[in-house]
Amino acid sequence: MLKNPTILYDPMLCTGCRGCQVACKQWNDLQGESSGWFEGPSYTSPKWISANTWLLLQMHEERFLDGKLVWAFTQRRCHHCQDAACVNLCPAEPKAAARDEHGIVTIDPELCIGCGTCVENCPFEAPKLAEEYEIARKCTMCIDRQRAGLRPACVTTCPTGATLFGERDEMVRIGKERAKRNKRGVLYGLSEAGGSSVLYVLPYGREYEGFPADPKPRGDVMGALPRKDAPVLGSLSAPGAVALGSVVLGLQKLAERKTEVRREEKP
Amino acid sequence: MTNHWNDIANADVIMIAGSNPASNHPMAFKHIMEAKRRGATIITIDPRFTRSANRSDLYCKLRPGTDIAFVNGMIRYAIENRKYHQDYVKWATNASFLLSPDFAVADGLFSGFDAEQRVYDPASWAYQKDAEGRIKSDPTLRDPSCAFQVLKTHVARYTPEAVARVCGCARKDFLAVAEAFCATGRPDKAGTMLYAMGLTQHTVGSQNVRVWAILQTLLGNMGIAGGGINAMRGESNVQGSTDFGLLYHILPGYLQTPVPTDQSLAAYLQRCTPASQDPTSANWWQNYPKYIVSYLKAMYGAAATTQNDFCFNWLPKRDGKQSHMAIFEDMDRGKIKGAFFFGQNPAVGGPDTNRETRALANLDWLVAVDLWQTETANFWLHPSEGRPADIKTEVFLLPASASFEKEGSISNSGRWAQWRYKAVDPLGMAKSDLWIVDQLVREIRRLYRSEGGEFPDPIVKLSWDYAGGEEGIDVHKVAREINGLDKTTGHQVASFAALKDDGTTVCGNWLYAGSYTDDGNMMARRDATDAANGIGLFPGWAWCWPVNRRILYNRASCNPDGVPWNPRKWVVKWDPTANAGKGAWLGDVPDGGWPPRDRRPFIMRPEGVACLFATSGMVDGPLPEHYEPMESVMRNRFSRTQTNPVAAIFQTPEQNDRNFEEFVREYPIIATTHRLSEHWQAGQMTRNISLLNELMPAMFVKMSLELADRLGIKNGQSVVVTTPRGEIEARAHVTLRIQPFEIDGQPVECIALPWHFGFIGESTGAPANRLTGHWGDANTQIPEYKVFLCNVKKGGTA
């Protein structure tokens, strides 16, 4: 497993094939969802990230002032922030949302109390409540695949290298270089939210994609809770962390099964 | 493909025309983006602003069906501005060859046109020859009757202004594309051309490809790394199925199907084997007799002898052009009583599906072999005429195994035959196609033996010796027979050079000789080491026809002395010191081992060179000429010949000379059909997958903001699209990605329809092909799916 595994997404290499969105669902066993029409702009479907859509390839069309038509793509997903609102504000004891020593932020389904604090506060609107299971879910950066020496599913499937994966230093180097190729290009995630494990090349500037300049907790529901900075996983020994990583999905399945059982038991 | 997928990365300019690899060949974009990383320019020309256009450096729109006007304009640009590769043109093309004085072209018609039969007699499309039968030439290219001058004169009408007017594009956009692509005429630059059905599915489909071949030849882009004419195939093994005689007019290895006048093997060989008096022409097809005799030995085994013409007369003879549309016309007339559809779904994918569904109802029986329920297997649920209860056709559905559930080879677009092992057992009762065909052959033979029948010999004496394997039929035995065997030695042949015409060799497909030799299954090789020239040939990975040659016509990558035009990206080169001073070619497997000057590079043509002017091979003219699509908003501006005069027409087009303008008023909108990356072909394999239905949830009609505005339609609302063939309801996808074309100062709208939808599956929608017509290309009879006229109105319940 990499020390600081990082994903770099560059829309200028993206063809919008949406293999990432499908591969994410396929690996994580998430359901397809559809209202029968494109709910977002252009081909975007569904409209936004949900408990069943951890990665959304968003598309929109625009004609710039110079007359050039741009069909812009971006990935909406968990950024795996260093200064993560979900981790900071998680009221569960112990915290369900945690950032491990590799920088991967996960929500432990066994510890999640389904309060929705992370849902309300994530500046990127990534965690969503899976209502049937009463827990929050989101991208795990395929931590289970990483533990097995594999790259995240969205990365493996990408045909063009638009979604890259590697050590943070390397991704930052490539990202900066690629951002520079565009007049208004920036590399996002370098310092935002304390620096995130998902970096974005934003060729038309930050505002164009609607990415916040200073990602802060959004909500007002639980936003006043006292911050707890100590990461849960920080205190774990390395083997403990490994074990935890590999059981995250297992726990999730377990929680699902328990919920199913609960539901079945209801009259 | 003359080249192959990896080779795209070697290109300096990539032309995407009549294709949309970002959507339909997503993995191709791996190589395209690698080329871009190395500094390549990407160009897309397309009626739609596609996902490929979005990633291109240059984009030019063009009205559907005007590719020839556009590319003839580029040819004119290359010649006028001397952008062509002059040394290449002199050495490797027929530019200098003198043409018969009888050849003429007038008002869009070439000499030899028979208006009554709607065919050309190509006798006047010929070379001038000397007393010894050798072609006369003028190496200075100045003689007005040389192919170069004839081409130059022919394209002179295709000025940038004329192109812009007919294609509905901006003159400056056309010129930017012409300048960028024609820059590859330099010896050290390479331009590749990637096409798919956007070129072929027209009444001028073959000439659409031909016109690019002429330009690529002029620019010296054939045979070089990063060059070529590259057909991106639409299914994983469509290249393989074409190699193996899928089409009605060819047997395996592109040998020709016999016709009734081929009353003997000698007569057939006389017709099919070309002759050349030019000692510098390899004229490779002179080996034709070896390939057909070895094929007949594979078909009929011991029964095939020299005394009986190797059972040549057992091969079925075709007395027409039995392409897809012709088959359905025969079905409609009741001539065909039963049909097998292996992984085919014409009730969605066929042109004019109402007509084709009506034809299906004339069958006594129908067998669908597929992974899923298809619209074709269930056509009786929604017959185009009458009630389901009135349909008498008996339908059988045989569950087939998917590609990962069976062992065998897949030939990709780059001609690489890659062997694949079986990963998992088939689900339920599903069986491989091989097993299904084997069972059919066994049972049909048993019936012929026990009950007799008309002309039983070709069936009961068919050589069918493949027993073995876990399914009862051994795919390795089939593959070994395809490779070929020398019966005198008992060894597998190493290449087609070992095949003979005396009945001592057996070979199922001469092009695949070398794929499964005494050394084993070459297709199963997985050596990822590149060759010495470092251009991504990977000669030890799988196996490629012919003889593992990765780039076709590669001798054209060198000058007449065997020195590469571009030493930085050389494909082959002649080393005079090798082979004990006799010299040898290095690099890729060359197109023949002769020393450079001994033979010209285009060994499959009897002339030995590439043809700027095609004396044979095309039924609709030796040079590409612009004709309007069968249905068009405008009269042809280049001649008074409105449409391809020899187009394949199976259904009288509703638009004609008399009602031309009236028809345009009734159907004023251009329509084109296309594919999506999220769905595949007729949709059975993808419309049953919820993860893909999420991405493309419904059938839609792509239209401009202007059209939507005019019709009072908002994004997502239901519309009705009509043509004289039928109507469909679908939801409007209002987008900037399709724009009206400016024709004579007037905007002409165009809509685009994905054709993946049908009424069976998890996600359903109206088939776009209810709108298309039963006419197509003059050479191949492929339907004109890519352009027709329609009307669009608000309404319906989609």
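How many residues of chain B are in contact with chain A, and how many of chain A with chain B? I looked this up before anything else. I find 25 residues of chain B in contact with 27 of chain A. I call two residues in contact if their C-beta atoms, placed from the backbone, lie within 7 Å.

**Ground rules.** I am working on a predicted model, where local features need pLDDT of at least 70, side-chain atom pairs count only at pLDDT 80 or more, and totals for chains, interfaces and linings use all residues. Residues are numbered from 1 along each chain as its sequence is written, while chains are lettered from A and ligands numbered from 1 in the order in which they are written.

I listed the elements of chain B that touch chain A. α2 (28-37), α3 (51-54) and α21 of chain B each supply at least two residues. The largest share, six residues, comes from α21(B). Helices here are DSSP runs of H or I with at least four residues, strands are runs of E with at least two, and both are numbered from the N terminus. By class, I count 12 nonpolar, six polar and seven charged residues on this side. Nonpolar covers Ala, Val, Leu, Ile, Met, Phe, Trp, Tyr, Cys and Pro; charged covers Asp, Glu, Lys and Arg; the others, Gly among them, are polar.

**Helix α1 of chain A.** I checked burial next. A residue is buried if 20 or more other C-beta atoms lie within 10 Å of its own, exposed if 12 or fewer, and partly exposed in between; C-beta atoms are placed from the backbone. Eight of the 10 residues of α1(A), residues 19-28, are buried, so the helix is largely enclosed by the rest of the structure. Among them are A:Cys20, A:Val22, A:Cys24 and A:Trp27. The buried residues pack against several elements of chain A, including β2 (56-63) and β3 (69-76), and also against α21 (690-695) of chain B. A:Asp29 follows the helix, with a positive phi near 60°.

**A sheet in chain A.** I traced an open sheet of four strands, in the order β8-β1-β10-β9, with mixed pairing. Strands pair if DSSP finds at least two bridges between them. β8(A) and β9(A) stand at the edges with a single partner strand each, so one side of each is left without a neighbour in the sheet. Neighbouring strands are turned by 25° against each other on average, direction ignored. Helix α6 (168-180) of chain A packs on this sheet, and its direction makes about 135° with that of β8(A). Axes are lines fitted to C-alpha atoms, for helices over the stretch in contact, and angles run from 0 to 180 degrees between N-to-C directions. Three bridges join β9(A) to the antiparallel β10(A). A:Val186 has A:Leu202 as its bridge partner.

**Chain B overall.** I count 22 helices and 36 strands. The radius of gyration is 26 Å, close to the 28 Å of the globule rule for 798 residues, so chain B is as compact as a globular protein of that length. That radius is taken over C-alpha atoms, and the rule is 2.2 Å times the number of residues to the power 0.38. Of the 798 residues, 52% count as buried.

**One glycine.** Is B:Gly18 buried or exposed? I find B:Gly18 buried, with 28 other C-beta atoms within 10 Å. B:Gly18 lies in the loop between β1 (13-17) and α1 (21-24) of chain B. Beyond its neighbours within four places in sequence, its contacts include B:Asp67, B:Tyr195 and B:Asn208.
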